[in-house]
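Work through the following exercises with the model open. Each task is followed by a stepwise solution.

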Amino acid sequence: MYSRTLGAIANASDFLTYFRKLPRAQQDLIAPHLNEPQQMALKVLDCCSELEGQSVRAIASLANLHQESTRAILKALEGTLVAAESTATGKLWKLQTSAN
């Protein structure tokens, strides 16, 4: 994934936080009009849970994206929308509950 794309995703974190607070019906109407990086980030976020961390492989499978693209998106959003927990089997990713 290109660094410019990842930068666009990281820079859109405030917007993505706001967007995900909209009613689902509004999200469904607006999402097709967002740029591709934002749409990919939303796909990944939709596959993450607030309660339980998941591996990159599991999230990539659910989002139907390549694992390395998924990993790069998660890292671009780390600390704002997602959090990683290091475990003996690797990092597990989940939605950050303290995101405004």
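Contact here means heavy atoms within 4.5 Å. The model is predicted.

**Exercise 1.** List what L92 is in contact with, leaving aside its neighbours within four places in sequence, and decide whether L92 is buried, partly exposed or exposed.

Solution. 
1. Locate the residue: L92 lies in strand β2.
2. Apply the contact cut-off: L92 touches G53, Q54, S55, A83, A84, E85 and T87 once neighbours within four places in sequence are set aside.
3. Take the relative accessible area of L92, which is 23%.
4. Buried means under 20% and exposed over 50%, so L92, at 23%, is partly exposed.

**Exercise 2.** Determine in which sense strands β1 and β2 pair, and over how many bridges.

Solution. 
1. Mark the strands: β1 covers residues 82–87 and β2 covers residues 90–95.
2. The pairing is antiparallel, over 6 bridges.
3. Within it, A83 of the pair stands opposite K94 in β2.
4. With 2 residues between them, β1 and β2 form a hairpin.

**Exercise 3.** Describe how helices α4 and α6 pack, and which residues meet.

Solution. 
1. Two packed helices are described by the angle between their axes and the distance between the axes.
2. For α4 (residues 36–46) and α6 (residues 67–77), the angle is about 90° and the axes are 10 Å apart.
3. That angle makes α4 roughly perpendicular to α6.
4. From α4, M40, A41, V44 and L45 meet T70, I73, L74 and L77 of α6.
5. Sorted by type, the residues of this contact are 7 nonpolar, 1 polar and no charged.

Definitions and conventions
Residues are numbered from 1 along each chain as its sequence is written. This is a predicted model: local features need pLDDT of at least 70, side-chain atom pairs count only at pLDDT 80 or more; totals for chains, interfaces and linings use all residues. Side-chain values use heavy atoms; hydrogens and water are left out. Two strands pair if DSSP finds at least two bridges between them. Helices (H or I, at least four residues) and strands (E, at least two) are DSSP runs, numbered from the N terminus. Axes are lines fitted to C-alpha atoms, for helices over the stretch in contact, and angles run from 0 to 180 degrees between N-to-C directions. Angles under 35 degrees count as roughly parallel, over 145 as roughly antiparallel, 65 to 115 as roughly perpendicular and the rest as oblique. Ala, Val, Leu, Ile, Met, Phe, Trp, Tyr, Cys and Pro count as nonpolar, Asp, Glu, Lys and Arg as charged, and the others, Gly among them, as polar. Buried means under 20% relative accessible area, exposed over 50%, partly exposed in between (1.4 Å probe, protein chains only).
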